[in-house]
Amino acid sequence: MKKSVLAFGALALGVTFSAPVMAADVAACLITKTDTNPFFVKMKEGATAKAKELGVSLKSYAGKIDGDSESQVAAIESCIADGAKGILLTASDTKGIVSSVKKARDAGLLVIALDTPLEPADAADATFATDNLLAGKLIGQWAKETLGDKAKDAKVGFLDLTPSQPTVDVLRDQGFMIGFGIDPKNPDKIGDEDDKRIVGHDVTNGNEEGGRKAMENLLQKDPGINVIHTINEPAAVGAYQALKAVGMEKNVLIVSVDGGCPGVKSVKEGVIGATSQQYPLLMASLGIEAIKKFADSGEKPKPTEGKSFFDTGVSLVTDKPVSGVKSIDTKEGTDKCWG
């Protein structure tokens, strides 16, 4: 079967039609934050391959940048109008998009949040995701153990995602703080902490340029900063570039989340100390399977036992393991990476 890729100009969205040549009865949509971040590229690959295997007609949409919720809302409208059976969604605005998700569900579509839970989480029919709180805890514990006694006097900066504080951002931040030994205060909010070790928070939009600018801003606040938590690996690379420009790249410990092949390479090269690896291809492929099952039987997916979501796994990747924190090295991380 051949894939047909057509340009879809409406709504300034990139839309890929991926399906067997013969029309399928089951249609699905994948809506990601962007179509450039390797995480979402791999997610699209997983959804496309599984859709072709199961005979599902797939349309893939993406916002212009991370944080572009308007395009995602427009994409949901298109999916409803097209008669899709289900939507896989990585929401940029986890609160603001809830009314659009409700509209889709009221129209009979199955809506599955991928990677980023909605607020409230049960606004979607299901969530397939990394345990983002655990991902944050792992890199927080690793950073604390790596610094040893120096952790109590650390100067920590946070390179976050967007001002709207989507759940994935909050969970990773809070997890890092818990792992590092910082009281996160309100578990649903970033920035209300009072630990004197925190230099500050800045946003990156999840890309290198944003990481550079945010790192420069935090350095202006305190040039003695020595630990950086980043929302993802592109932001981490941007932070490293800003540090290198002022000769500080060896003075700051950078940790991140994603586990893409470029990120694992950055760990191997010492740009990032450790990263928590997640598995977007699995999220998306399982999501397509769930939509097909729902279309065939009306059955909705169930969460992992003991959790409120379906957990697709996470592994800490580092070549500098520490006692008490389970990890894999960059060789194994490379075998499992994406992008």
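The model is predicted: local features need pLDDT of at least 70, side-chain atom pairs count only at pLDDT 80 or more, and totals for chains, interfaces and linings use all residues. Residues are numbered from 1 along each chain as its sequence is written, and side-chain values use heavy atoms, with hydrogens and water left out.

**View 1. The disulfide of Cys-29 and Cys-79.** A disulfide is a covalent bond between the sulfur atoms of two cysteines; here the term is applied to a pair of cysteine sulfur atoms within 2.5 Å. The structure holds 2 disulfides, and in the one that joins Cys-29 to Cys-79 the S to S distance is 2.3 Å. The link is left-handed, with -125 degrees about the S-S bond. Cys-29 lies in strand E2 (residues 27-32) and Cys-79 in helix H2 (residues 69-81), so the pair ties together parts that are 50 residues apart in sequence. Helices (H or I, at least four residues) and strands (E, at least two) are DSSP runs, numbered from the N terminus. Both Cys-29 and Cys-79 are buried; buried means under 20% relative accessible area, exposed over 50%, and partly exposed in between (1.4 Å probe, protein chains only).

**View 2. The disulfide of Cys-261 and Cys-337.** Here the S to S distance is 2.0 Å, and the link is right-handed, with 90 degrees about the S-S bond. Because Cys-261 lies in helix H8 (residues 261-268) and Cys-337 in the segment after helix H10 (330-336), the pair ties together parts that are 76 residues apart in sequence. Cys-261 counts as partly exposed, at 25% relative accessibility, whereas Cys-337, at 16%, counts as buried. With bonded cysteines counted along the chain, the disulfides follow the pattern 1-2, 3-4.

**View 3. An open sheet of 6 strands.** Strands of a sheet pair through backbone hydrogen bonds, either parallel or antiparallel; two strands are taken to pair if DSSP finds at least two bridges between them. The strand order is E8-E7-E9-E10-E11-E13, and the pairing is mixed. Strand E8 (198-203) and strand E13 (315-317) are the edge strands, each pairing on one side only. From one strand to the next, the twist averages 15 degrees. Strand E9 (residues 227-230) and strand E10 (residues 253-258) run parallel and are joined by 3 bridges; Val-227 has Leu-253 as its bridge partner in E10.

**View 4. Aromatic pairs.** Rings of Phe, Tyr and Trp (its six-membered ring) pair if their centres lie within 6.5 Å; planes under 30 degrees apart count as stacked, over 60 as edge-to-face and the rest as tilted. By this rule the count comes to 5 aromatic pairs. One of them, Phe-39 with Trp-338, is edge-to-face, at 5.3 Å centre to centre and 75 degrees between the planes. Phe-39 lies in helix H1 and Trp-338 in the segment after H10, so this pair ties together parts that are 299 residues apart in sequence. Phe-39 is buried, with a relative accessible area of 3%, and Trp-338 counts as buried at 5% relative accessibility. Ring pairs link Phe-39, Phe-40 and Trp-338 into a cluster.

**View 5. Phe-176 and Phe-180 in helix H5.** The ring centres of Phe-176 and Phe-180 are 5.5 Å apart and the planes are at 15 degrees, so the pair is stacked. Both residues lie in helix H5 (residues 167-180), 4 residues apart, about one turn of the helix. Phe-176 and Phe-180 are both buried.

Terms used: Axes are lines fitted to C-alpha atoms, for helices over the stretch in contact, and angles run from 0 to 180 degrees between N-to-C directions.
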